[in-house]
Amino acid sequence: MSDDYDSLWKEGIEQYFEEFTAFFFPKAYKQTDWTGGYEFLDKELHQISRYSDTGSRIADRLMQVWKKTGMKPG
């Protein structure tokens with residue numbers, strides 16, 4: 001029986017996405033408008049990666065965030 005560490009890691013990132021970004025990507029964190037929220041786009045990533053001809057997937061989570069200088073959701 002293999003351990004499923006990948007799912008636990010993904011759940012942690014989803015639950016603490018803002019904190020994860022602040023720690024691992026501080027520059028991106030400072031440029032992000034966190035009041036606009038964020039959205040996980042797993043279905044969209046699946047559509048993109050389904051057509052990929054590279055044979056391997058590196059990313060399997062896609063998040064949409066808003067830049068402080070960019071357009072706001074609404």
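The side chain of threonine 21 reaches the backbone oxygen of phenylalanine 17 at 2.9 Å, a polar contact being a pair of N or O atoms within 3.5 Å, where within protein one must be able to donate a hydrogen and the other to accept it, and residues adjacent in sequence count only if both atoms are side-chain atoms. This is a predicted model, in which local features need pLDDT of at least 70, side-chain atom pairs count only at pLDDT 80 or more, and totals for chains, interfaces and linings use all residues. Residues are numbered from 1 along each chain as its sequence is written, and side-chain values use heavy atoms, with hydrogens and water left out.

**Threonine 21**
- Helix H2 holds threonine 21; helices (H or I, at least four residues) and strands (E, at least two) are DSSP runs, numbered from the N terminus.
- Threonine 21 counts as buried because its relative accessibility is 8% (buried is under 20% relative accessible area, exposed over 50%, partly exposed in between; 1.4 Å probe, protein chains only).
- Leaving out residues up to four places away in sequence, threonine 21 touches Pro26, Tyr29 and Trp34 (contact means heavy atoms within 4.5 Å).

**Largest pocket**
- Its lining consists of Trp9, Lys10, Ile13, Phe17, Phe20, Thr21, Phe25, Asp60, Arg61, Leu62 and Met63.
- Helix H1 (5–15) and helix H2 (17–24) are the elements that give two or more residues to this lining.
- The largest pocket has a volume of about 240 Å³.
- On a 1 Å grid over the protein atoms alone, a pocket is an open set of points where a 1.4 Å probe fits, with protein on both sides within 12 Å along at least five of seven lines; lining residues have an atom within 4 Å of a point.
- Grid points are joined across faces, edges and corners, and the volume is the space filled by probe spheres set on the points.

**Glutamine 31**
- Glutamine 31 lies in helix H3 (residues 26–31).
- Its relative accessibility is 40%, so glutamine 31 counts as partly exposed.
- Glutamine 31 and lysine 68 are 37 residues apart in sequence, yet 5.7 Å apart in space, C-alpha to C-alpha.
- Beyond four places in sequence, glutamine 31 touches Trp66, Lys67 and Lys68.

**Whole chain**
- The protein chain has four helices and two strands.
- From the N terminus on, the order is α-α-α-β-α-β.
- Of the 74 residues in the protein chain, 15% are buried.
- Among contacts with a separation of 6 or more, 54% join residues 24 or more positions apart.
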